[in-house]
Every structure is written in structure tokens, then in C-alpha cells.
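User: Hi! Could you walk me through the domains, the ligand site and the helix packing of this protein?

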Amino acid sequence: MKDLLHFDELLSDDEKLIRQTASDFIRDELEPYIEIWFANGEFPQHLVKKMAELGFLGISLPEEFGGSAASPLMYGLIMEQLEYGDSGIRSFASVQNSLVNYPIWKYGSDKQKKYWLPRLAAGEVIGCFGLTEADFGSNPAGMRTRAQEYANHYILNGSKMWITNGSIADIAIVWAKLDGELRAFLVPTDTPGFSAREIKDKWSLRASVTSELVFEGCQIPKENILALAKGLKAPLSCLTQARFGIAWGALGAAKACLNAALNYAATRIQFDKPIGAFQLSQEKLVEIYSRLIQGELAAWRVAKLKEGALFDHNQVSFIKRNNVELARETAKSARSILGANGISAEYPIMRHLMNLESVYTYEGTHEIHTLILGKYLTGESAF
Ligand SMILES: Cc1cc2nc3c(=O)[nH]c(=O)nc-3n(C[C@H](O)[C@H](O)[C@H](O)COP(=O)(O)OP(=O)(O)OC[C@H]3O[C@@H](n4cnc5c(N)ncnc54)[C@H](O)[C@@H]3O)c2cc1C
């Protein structure tokens, strides 16, 4: 993709290097096989170790916990490149970094951090984040999963739905009500009473594991509560981290679609001309490109803000909403440029299009982010 606004001048050499490393990984290890994994509904779990070696599973963590202590911009650039490959591999990394490492780092005890974080960053342990329930998606505050306190332990009962990594996870961060307040528990997945069922019948994120989790009288040691996580603000703070990465990831999916469309438009001949020479094709390509480079600049700006005092979650809602929508529109428009070939697995566009339907819905649906921004603008809550 051409760099009209010289975006690369906004990146340091280290940032360019990390982006190139992620890009090479996707080109060599994912792109040749992803269509088959997607068709088979298979998550490439063998790539977890490799991602850990490249530092992609402890991106923002301090070095003392095995992390890379990388900046938000580096985090974003990695997510962009991973999703250039597939939203499934990016979802895996988003969950491990933002929804498992982050809550342990932010809300956990020193003992929990020392035990879990180096293992998560090394890919020895896979985590998942259980907030959503079958009847409580956009409104997690209504959740029914409950913890009850006893002298030496908690007992957990309930279930979670649509949980990324659920049935390959070693540890689940489970959000449950304890005396009416939302709390988080570290639940090893070999705990008696814990079960996970993979949701196989899905047409989106097929190269990602999505599961239902069930807790039937799970006995959780007292030391497994994330003591500082109290109330809905705690899971929402984790979602802010993940949504930031999603906003970057969506740019990657959009770039993959645009590149496929540009290549196709240059070589497909109709009426004795490449279809890229038709005004209607050019309009589509220009529209995609214009939105994409605007989305990229907005994501860059929020990455910079994220390092300082001016950062706030509304900025993340803005880029999640904006960039996922532009990626979804890009995929649709790019697909049409390829005509019938657009629906073929020979090209990545249809897979991205299907994936982006999940990305549009998870981590706060498009509509929920509209309400967040509506409240920011008007001061009125329309939830
Ligand atoms: C592939 C995949 C992976 C996921 N991974 C995870 C995970 O790892 N962990 C996790 O906890 N969850 C996960 N989720 C769940 C995801 O976050 C929820 O699906 C999402 O929050 C929406 O909830 P819902 O599907 O129940 O939709 P609902 O909340 O039922 O919403 C349905 C529709 O109603 C709209 N709506 C709801 N409330 C309002 C309102 N007040 N005003 C206007 N419109 C409204 C929504 O925008 C949507 O269009 C995942 C989902 C998918 C698809």
C-alpha cells in the first residue's frame, strides 16, 4: 500500500523493526496455511511458542515479568500485522496480552504476578477472559455467575459464553458476583467442576477457538482472587486495552483486502483494459484508501495519547468503532472488485470479511461504542 502521508516518518527505527518482524512472521508462518486452517476450523496452536519467542505474548509487560515493556504504538503495530494475516491469530494475542496479562498485572498480588506473568509471556500457559454470558453480552453487569466465600476458599457456579481461547486455556480469568459485587478469579482449567465446550458451528473467526465455560461448584483457593479488581470498571479497563489493539488489528485486515484488490485491479482485464483503469473501480479503491489512512493516523494519535495523562477510554471507543467499520466496509468493497474471484479462498478477502463480523460485535459492539461516544458528546446516557 502506498504511503501518501508518509506515515512511516512517524515511526522510529525500533517501531519499524518490530512491525517488520511481525510482518515476516505472518508471511512465513501463517499466510501459506491460513485458508486451510480457516476451512478446517483449526487454531494454529503450534504458533504460540513462536509468537512468545518473538515477544508477542508479553508485549507491554515489564521485563521483570518476562515482557518486552514495549510502547502502545509497538503493541498496535504488532496487532496490525497479526490481523493482516487473520483476525483469529490477533484475537489470540489480544486475549493473552490485554485480557489476561493486563488484569493480573493491574489487579493481582505480587505472588500472582510472579507466578503467572512470566509463564504467560513465554507461551507456557494460555489464558482466557470470561466476562460474557449467554444472556448478558452488552450488559455484563447483569451476569449470573456467582462466587460464594467460605473460610479457606470460594465456590464458583455459573457459565460464560463466546470465550476466546476457552477450551485451550490453562487459566481462566472469570468475572463473577461476590456479595453482589463484580470480582475476578484466577481459575485453573483443571479445577474440578470446570468444563469448556468449543463452539464449532461458526462462520467467522474459524481459525480461533471460541468456547462456552461452565463452573459447577468450582473450589477456588482464597489466594486466587484478583484482590484489587472490584466492580464493572475493572473488566472495562481490561477491555479498553484490548479494544485499542483491535482498532489497530482492523487496519491490518483492511490493508490485506486493499492490497488484494489493488493487485487484482492491475491484472484483471475486461473490455481490453485492466479493471483498475475504470473510474468506478478507482472510486472504490480511493474511498477505501482515504478511510484507511485516516484510521491509521487516528490510531497513531491514540497510541501516543495512551502514554500520557490525556488518555481516556472514549478515544479507544472512537478508534475501535471507526477502524472496525472502515475495515468491514473495505472488505465488502474490495470483495466486489474481485468479482466472482472475491468469494474464492484463493484470495484472503472473504475470510477477512467473515472475521470482521465478529470483530464488529465483540469487545463492545459497534452500537455500544456509538452510545459511549454519544454520551461523551452530549453528556446523556442512552444505554
Ligand atoms: C468470536 C467471538 C469471540 C468472543 N470472545 C470473547 C471473550 O474472549 N470473552 C468475553 O467475555 N466475551 C467474548 N465475546 C463476546 C462479545 O464480547 C459479545 O458477543 C458482545 O459483547 C455482544 O454481546 P451479545 O453477543 O450478547 O449481543 P447483545 O448484547 O445481545 O446485542 C445484540 C444487539 O443488540 C444491540 N444492543 C444491545 N444493547 C443495546 C443498547 N443499549 N442500545 C442499542 N443497541 C443495543 C447490540 O449492539 C447488538 O447489535 C466474543 C464474541 C465473539 C463473536
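Analyst: Happy to! One definition first: axes are lines fitted to C-alpha atoms, for helices over the stretch in contact, and angles run from 0 to 180 degrees between N-to-C directions. This is a predicted model, where local features need pLDDT of at least 70, side-chain atom pairs count only at pLDDT 80 or more, and totals for chains, interfaces and linings use all residues. Residues are numbered from 1 along each chain as its sequence is written.

User: At what angle do the axes of α7 and α10 cross?

Analyst: Helices (H or I, at least four residues) and strands (E, at least two) are DSSP runs, numbered from the N terminus. Helix α7 covers residues 233–267, and its axis comes within 10 Å of that of α10. The two are therefore roughly antiparallel, given that angles under 35 degrees count as roughly parallel, over 145 as roughly antiparallel, 65 to 115 as roughly perpendicular and the rest as oblique. The crossing angle is roughly 160 degrees.

User: Which residues of α10 meet α7?

Analyst: Contact here means that the C-beta atoms of two residues, placed from the backbone, lie within 7 Å. From α7 come I246, A250, A253, A256, C257 and A260. The contact has nine nonpolar, two polar and no charged residues, where Ala, Val, Leu, Ile, Met, Phe, Trp, Tyr, Cys and Pro count as nonpolar, Asp, Glu, Lys and Arg as charged, and the others, Gly among them, as polar. On the α10 side, the residues are I349, H352, N355, L356 and V359.

User: Is α7 roughly parallel or antiparallel to α9?

Analyst: The axes of α7 and helix α9 (residues 313–337) come within 8 Å and cross at roughly 20 degrees. That angle makes α7 and α9 roughly parallel.

User: Which residues of α8 make the contact with α4?

Analyst: Helix α4 (residues 72–85) and helix α8 (residues 279–305) have axes that come within 8 Å and cross at roughly 145 degrees. P72, L73 and G76 are the α4 partners. Those from α8 are A299, W300, A303 and K304.

User: How many residues of domain 3 are in contact with domain 2?

Analyst: The domain assignment, automatic or from a database, gives domain 1 (7–121), domain 2 (127–230) and domain 3 (233–378). The C-alpha centres of domain 2 and domain 3 lie 30 Å apart. Twelve residues of domain 2 take part in the contact, and from domain 3 the number is nine.

User: Where does the ligand lie relative to the domains?

Analyst: Of the 21 residues around the ligand, L131, G137, S138, T365 and E367 come nearest, with a residue counted as near if its C-beta atom, placed from the backbone, lies within 6 Å. β1 (127–130), β3 (153–164), α10 (349–361) and α11 (366–378) each give two or more residues to this shell. Both domains give residues to the shell, so the ligand lies between domain 2 and domain 3.
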